[in-house]
Amino acid sequence: MRRALRDFFLFFLRDLRIAATYRSPFVFEIIQALLGATMLYYVARFVDSPELREALPQGRSYFTYSLVGFIFFDYLNEAMDTFDRSLLEARDTRTLEPLLVSQIPLSLILAGSAMYPFVATTMRIAVYIAWGAILFGFPLGSANWLSVVVVLLATLLAFSALGILSAAHLLLFKRGNPLKWMILGLSSVIGGMLFPVDILPHWLQIIAKVNPVTYALDAMRRALLDGTSVVGVGRPLLVLVGFGVVALPTSIAVFTWALRRTKITGTLTHS
Amino acid sequence: MEVQPGEAVALLGANGAGKTTLLRILATLLVPTKGHALLAGHDTEKEPAAVRKSLGYHAGSDLGFYARLSGRENLRFFGRLNHLQGADLEGKIQKFAKRFGLEGVIDRQVRTLSSGTVQRLSLLRAILHEPTVLLLDEPTRSLDAIAAAEFRHFLKSEVLAQRRASVLFASHTLPEIEFLADRVAILHDGKILAIDSPAALQKAYGCGSLEEVFLRVTGRNVSFSEEAHPA
C-alpha cells in the first residue's frame with residue numbers, strides 16, 4: 001500500500017516538474033480565471049431579476065449559481081479528458097513503452113497520470129472562486145467544505161470511468177472519442193450547468209433524471225451554496241457512488257481489453 | 001530457443017524479419033499470435049508483471065524520454081518505477097553515467113541532447129536496475145564508433161561476465177554480433193532458420209564469414225554491377 005502510494009505520487013512529481021519548466025501558463029491561468037469570473041458576473045448582472053432568483057433552487061444570485069455550474073463542468077471535462085490526454089502525451093513523447101515495461105501496474109500508471117491534472121484543475125477552480133469571492137461577493141462562508149470535498153471525490157470517481165472508456169477508444173481507434181464530447185455537450189444542456197432542469201420540456205427532464213451529472217451538480221450546489229452536510233447530500237451522493245462502482249471496474253476492464261487488442265495487433269504506439 | 005545466464009544471443013535478419021517483434025513479445029509489449037514465450041521462467045502473456053521484474057529493455061527507435069526534464073530527472077523517474085530509491089538509485093545513476101560518459105550532460109534537459117547521447121541514456125535506463133535479462137534492439141544504432149565500442153566492452157565484461165545476465169539483442173552490425181554473441185539466431189519471415197555460435201554456423205554452411213552464412217541461410221544473392229564499382 002505504501003509502495004503503491006509512493007508510485008502514485010511519482011507521476012504527480014513528474015508532471016509538476018514538467019509544468020514548472022513552463023512558467024507563464026500559471027500566470028495565464030490566473031488571468032483566465034479572472035476573466036471567466038468577470039464574464040459570468042456581468043452576464044448574471046444583465047439577466048438577474050427577483051423572478052430569476054426565485055426560480056433558482058439554491059442560487060442566492062444567478063452569479064453564484066452559474067459560477068458553480070461553470071467550475072463543476074471544468075472538473076467534469078478534466079475527469080473525462082485527462083486519461084486520453086495522458087495517453088496521447090505518452091504516445092507523442094514515446095514514453096508509453098518505457099512506462100509499460102516498468103514494474104508499475106497499468107492501473108497505477110493511469111491513476112497516477114491523472115493526479116496532476118486534477119490538482120491543477122482544483123487550483124484553477126480555487127482561483128475562480130477566490131476571484132468570485134474577492135471581487136463579486138461569492139458566498140464562501142456558507143459552504144460545507146467537507147461535503148464539497150466528498151461530492152468532488154464522488155464526482156471524479158464516477159466520471160473518471162467515462163474518461164478511461166474514452167482512453168480505451170483512443171487506444172483502439174487512434175482518435176478521440178466523439179461520445180465524450182456528446183456527453184459533455186448533452187450534460188451542459190440537461191445537467192443544470194447554467195439553468196435549472198425544471199425549465200426544460202418534460203421529456204428532457206426525464207433524461208436529466210437518469211443523468212448522473214444532474215445529481216453531481218445538485219449535490220455540489222447544495223454543499224457549496226447551502227452548506228448542506230454529507231448526510232444531507234446523501235441521495236445524490238449514493239447515485240454518484242453507485243454509478244462509479246459499476247462504471248469504474250467496467251471501464252478498467254474495457255481499457256485492459258483494448259490494451260491487449262493493441263498488443264495483439266501491434267498498434268500500441270501507432271498514431 | 002533459450003538464452004542462458006551469462007549468454008548473449010544475437011538476432012540477425014533483414015528488415016521485417018521479426019527481430020523487433022520477438023523482442024517486443026518478450027518485453028510484454030506484444031502478445032504472440034501463436035506459441036508462447038518465457039522470460040526468467042514466466043510466461044510473457046500470462047505473467048507480464050513477473051516478467052517485468054527481471055527485464056531491462058532498450059527499444060531501437062522509440063527511446064521515450066520527457067524532453068523538458070533533465071537526463072538525471074528522467075533516470076530517477078524510471079528508476080523509481082523499477083523500485084530503486086534513495087542512495088541506491090542516486091549511486092547507480094552516478095556510477096553508470098560515469099561509465100557511459102554522460103557525466104557532463106546528465107543534468108541538461110533531454111531536448112538539448114544529441115541523438116547519440118539520448119541513445120546512451122536509454123541504454124543506461126535499461127540497465128539501471130541491473131535486470132537479469134536484457135533485451136536490446138539495435139543498441140549501438142546512433143552511437144559513434146568509440147561509444148559503441150565502449151558499450152560493447154561494458155556489456156561483455158560487466159553485464160555478461162560479472163553479473164551473468166542473459167542478453168538478447170538485435171543488430172545489423174556483423175562485427176558487433178561476432179564480438180558479443182555466443183550464439184546467433186538468423187531470422188527470416190518470422191522464423192528462426194538457424195541458431196548456433198558464429199564459428200559453428202560458418203563451419204556448418206562452409207562459409208568464410210557470418211555475412212556469407214546470413215546470405216546463404218536466407219537465400220539472398222548480392223550482386224554488384226560494374227557501374228556501381230568503377231575501377
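Visitor: Over what distance should helix α4 (residues 86–99) of chain B span?

Guide: For the 14 residues of α4(B) that gives 20 Å, and the end C-alpha atoms are 20 Å apart, so the two agree. Helices here are DSSP runs of H or I with at least four residues, strands are runs of E with at least two, and both are numbered from the N terminus. Keep in mind that this is a predicted model: local features need pLDDT of at least 70 and side-chain atom pairs count only at pLDDT 80 or more, while totals for chains, interfaces and linings use all residues. Residues are numbered from 1 along each chain as its sequence is written, with chains lettered from A and ligands numbered from 1 in the order in which they are written.

Visitor: Which residues of α4(B) are buried?

Guide: First the general idea: an α-helix has 3.6 residues a turn, so residues three or four places apart point the same way. A residue is called buried if 20 or more other C-beta atoms lie within 10 Å of its own, exposed if 12 or fewer, and partly exposed in between, with C-beta atoms placed from the backbone. In α4(B), the buried ones are B:I93, B:F96 and B:A97. They cover an arc of only 105° around the axis, which puts them on the same side of α4(B); the arc is taken from the directions from the helix axis to the C-beta atoms.

Visitor: What do the buried residues pack against, and which exposed residues does the face turned away from them carry?

Guide: The buried residues of α4(B) pack against α3 (71–81) and α5 of chain B. The face turned away carries the exposed B:A87, B:D88, B:G91, B:K95 and B:K98. Just after the helix, B:G101 takes a positive phi of about 65°.

Visitor: On to the sheet. What is the order of the six strands in chain B?

Guide: In general, strands of a sheet pair through backbone hydrogen bonds, either parallel or antiparallel. Two strands count as paired if DSSP finds at least two bridges between them. Here the sheet is open, with mixed pairing, and runs β4-β5-β6-β1-β7-β8. The edge strands β4 (55–58) and β8 (191–196) of chain B each have a single partner strand, so one side of each lacks a neighbour in the sheet. Neighbouring strands are turned by 15° against each other on average, direction ignored.

Visitor: Which helices pack on that sheet?

Guide: One is α5 (residues 115–127) of chain B, which touches β4 and β5 (133–137) of chain B and makes about 170° with the direction of β4(B). Another is α8 (residues 198–205) of chain B, touching β7 and β8 of chain B, at about 105° to the direction of β8(B). For such angles, axes are lines fitted to C-alpha atoms, for helices over the stretch in contact, and the values run from 0 to 180 degrees between N-to-C directions.

Visitor: How many of the residues of β1(B) are buried?

Guide: Six of its six. B:A8, B:A10 and B:L12 point one way, while B:V9, B:L11 and B:G13 point the other way. On one pairing, β1 (residues 8–13) joins β7 (residues 183–188) of chain B in the parallel sense over five bridges; there B:V9 stands opposite B:R183, and B:G13 has B:L187 as its bridge partner. β1(B) also pairs with β6 (residues 166–170) of chain B, again parallel, over four bridges, and B:L11 has B:A170 as its partner in β6(B).

Visitor: Last one: how many residues of chain A are in contact with chain B?

Guide: Contact means that two C-beta atoms, placed from the backbone, lie within 7 Å. By that test, 22 residues of chain A meet 27 residues of chain B. Elements giving two or more residues to the chain A side are α1 (2–20), α5 (96–100) and α11 (234–265) of chain A, and the largest share, four residues, comes from α1(A).

How values were computed:
The expected span of a helix is 1.5 Å times one less than its number of residues.
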